[in-house]
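Biologist: I would like a close look at a single helix and its surroundings. Please go through it residue by residue, and state the cut-offs as you go.

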Amino acid sequence: MAYENTDDGAAGTAAGGVGSGADPGASDSLRTFGAFVQALREHSGLTREEFADRVGFSKHTVASIEQGRRMPDADFVEGAEPVFGNTGALRRAVPHLSRQAGLASWFRQWARLEAQAVTLWTYECRVIPGLLQTERYARAVTESVPPVKDEEQVAKQVMARLERQHLFKRRPPIAFSFIIEQALVERGTGGPDVMRELLDSLLEHSAQFNVELQIMPRYQPDHAGFDGPLMLLESHANKWFGYAEGQRGGMLISDPKEVSITLQRYAKLRSQALNSEDSRDLLKQLRGAL
């Protein structure tokens with residue numbers, strides 16, 4: 001599955017450009033970063049377990065980062081820097097970690113922008129947005145869409161999706177807005193147990209101070225989202241970008257006029273969806289019915 005839900009990748013073209021429908025690529029930069037961390041650790045005379053204790057992470061997490069299987073979050077980098085002498089090398093390297101295993105090629109540029117965003121808005125009408133997916137839901141979605149994938153492919157795509165969720169813990173925090181169609185929480189993807197877990201997670205996320213979650217009701221004759229899902233972000237330099245996606249490709253939108261149109265559509269979608277409180281009430285009703 002190639003879209004944001006598989007958690008995509010952008011070969012990143014400007015407004016109107018479309019990325020190619022390539023398969024998720026190898027995480028070359030993650031492996032390089034991991035090898036760099038391992039070399040610094042060994043140069044410091046620390047075992048993996050000793051280093052893990054100093055940075056406040058498990059040795060398994062450290063191993064995953066050193067082996068290029070896990071995206072390092074901000075807490076790891078800030079914890080590792082003083083251990084390695086506060087050179088700033090890791091801080092300077094992190095912004096270049098744009099190639100994540102499991103992310104389709106056309107989504108990677110968006111993922112890089114997303115990592116530095118101050119505002120992130122998402123409207124979805126196909127599946128629950130990747131940032132809100134649970135592991136079991138992500139697996140059910142990934143396994144459902146042809147072509148058939150082996151366990152390694154599924155695991156990479158699920159891991160890539162879940163690792164993006166470190167954005168919820170980022171400081172300074174990102175201002176999130178999600179609008180999702182009611183049908184997505186009624187579809188039963190993965191079965192009742194998966195949906196119960198998903199609904200619990202959505203309720204938990206919607207209670208965060210920096211997250212607004214709105215449900216678009218089934219009956220909505222005047223709907224600004226008929227052209228499909230869309231994403232918007234505001235960069236740390238206060239510039240807005242948009243992103244749109246189809247079955248086997250994605251489009252990064254940077255032209256100010258096109259971004260303005262996307263912002264107008266999102267604003268109207270917000271006005272058409274249930275407000276945050278009513279959306280939470282609906283999620284609770286659906287959770288209780290399972």
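Modeller: What follows is a walk through helix H2 and its contact with helix H3.

This is a predicted model, in which local features need pLDDT of at least 70, side-chain atom pairs count only at pLDDT 80 or more, and totals for chains, interfaces and linings use all residues. Residues are numbered from 1 along each chain as its sequence is written, and side-chain values use heavy atoms, with hydrogens and water left out.

For context, the protein has 11 helices and six strands; helices (H or I, at least four residues) and strands (E, at least two) are DSSP runs, numbered from the N terminus. Of its 290 residues, 52% count as buried, where buried means under 20% relative accessible area, exposed over 50%, and partly exposed in between (1.4 Å probe, protein chains only).

Helix H2 covers residues 48-55, and its buried residues are Phe51, Ala52 and Val55. Seen down the axis of H2, these buried residues fall within an arc of 105 degrees, so they line one face of the helix. The arc is that of the directions from the helix axis to the C-beta atoms. An α-helix has 3.6 residues a turn, so residues three or four places apart point the same way. Asp53 and Arg54 are exposed on the other side of H2. Just after the helix comes Gly56, with a positive phi of about 80 degrees.

The partner is helix H3, residues 59-66; the axes of H2 and H3 come within 8 Å and cross at roughly 105 degrees. Axes here are lines fitted to C-alpha atoms, for helices over the stretch in contact, and angles run from 0 to 180 degrees between N-to-C directions.

On the H2 side, the contact (heavy atoms within 4.5 Å) is made by Arg48, Glu49, Phe51, Ala52 and Val55. H3 contributes Lys59, Val62, Ala63 and Glu66. By class, this contact has five nonpolar, no polar and four charged residues. Ala, Val, Leu, Ile, Met, Phe, Trp, Tyr, Cys and Pro count as nonpolar, Asp, Glu, Lys and Arg as charged, and the others, Gly among them, as polar.
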